Amino acid sequence: MQGATLHLVLRIRGGCFISTTPITLHDITTKMIKDIIIGELLMTYSTDTGRLEPNKVSNISVYQVDCLCEIDIGTHKIICTPNHPFWVPSAKTWKAVHPYPNSSVQTLRIGDRLLGSEMKDVKVKTIRIMELEREIDVYHLHVEKSHNFFAGGVLVHNMQIIIK
C-alpha cells in the first residue's frame, strides 16, 4: 500500500519548473525560481478581469523528477514537468503537455498561444519530452488569490490539480 500512496502523492502534487526558470516579480523584474522566498510578491493575472496584480508566494515545494518537457516559444525554451498548466487566452482555459486525467486542463499543442508577461500572446513552436538519466530538483510555487504567476515569461497555474 505504501507504493500506491507514494504514486498518488507524486501524481497530485502539480507541475514544477527547473531551478533556473525566471519568475516575474511584482515590479516586472525577474528572479530564478530557486531564489524565490515565501512572502515575496509576484506578478500574477486575474483571468476574470484580465488585469495584472501582485500576489504573495505562500509556499514553495521542491520535488525530484526524471521527466521534463521543453516548450519552445520562439525567443526561448521553457522547461517544466509535462503536467504544468499554461494559460491559453484564446480558449480561456489552462493547458498542459500531459494534463492529469479527469481534470479540466486540456492538452497543450504546437500552435497554441500562451499569455506572455508583457500581455502579448506567444506561440508554442515545439514541444519535446525529455527523459532524464537521473532525477533533478524542480520547484513549485503556491501563490495567494490568483493561483498563478509568470514563469519563463508566460502565465502558468500554481494549483496542484484542477478537478472537473
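**Close-up views of a predicted model**

View 1. The model shown here and in the following views is a predicted one. In total, the structure contains 3 aromatic pairs. One of them joins Phe17 and Phe86: the ring centres are 6.4 Å apart and the planes stand at 75°, so the arrangement is edge-to-face.

View 2. Phe17 is buried, and its relative accessible area is 0%. The ring of Phe17 also pairs with that of Phe149; here the centres lie 6.3 Å apart and the planes meet at 70°, so this pair too is edge-to-face. Because Phe17 lies in strand S1 and Phe149 in strand S13 (residues 148–151), the contact ties together parts of the chain that are 132 residues apart in sequence. Phe149 has 1% relative accessibility and so counts as buried. Through these ring pairs, Phe17, Phe86 and Phe149 are linked into a cluster.

**View 3. The hairpin of strands S7 and S8.** Strand S7 (residues 86–88) and strand S8 run antiparallel and are joined by 3 bridges. Within this pairing, Val88 is placed opposite Thr93 of S8. The hairpin has 4 residues between its two strands, and Lys92 adopts a positive phi near 50°.

**View 4. Strand S8 and its parallel neighbour.** Strand S8 (residues 93–96) is covered on both faces. Thr93 and Lys95 lie on one side, Trp94 and Ala96 on the other, and all four residues are buried. Strand S8 is also joined to strand S9 (residues 106–107), by 2 bridges, and these two strands run parallel. In this pairing, Ala96 faces Thr107 of S9.

**View 5. The polar contact of His142.** His142 is part of strand S12 (residues 126–143). With a relative accessibility of 15%, His142 falls under the 20% limit and is therefore classed as buried. The side chain of His142 forms a polar contact with the side chain of Ser61, at 3.3 Å.

Terms used
Residues are numbered from 1 along each chain as its sequence is written. This is a predicted model: local features need pLDDT of at least 70, side-chain atom pairs count only at pLDDT 80 or more; totals for chains, interfaces and linings use all residues. Side-chain values use heavy atoms; hydrogens and water are left out. Buried means under 20% relative accessible area, exposed over 50%, partly exposed in between (1.4 Å probe, protein chains only). Two strands pair if DSSP finds at least two bridges between them. A polar contact is a pair of N or O atoms within 3.5 Å; within protein, one must be able to donate a hydrogen and the other to accept it, and residues adjacent in sequence count only if both atoms are side-chain atoms. Rings of Phe, Tyr and Trp (its six-membered ring) pair if their centres lie within 6.5 Å; planes under 30 degrees apart count as stacked, over 60 as edge-to-face and the rest as tilted.
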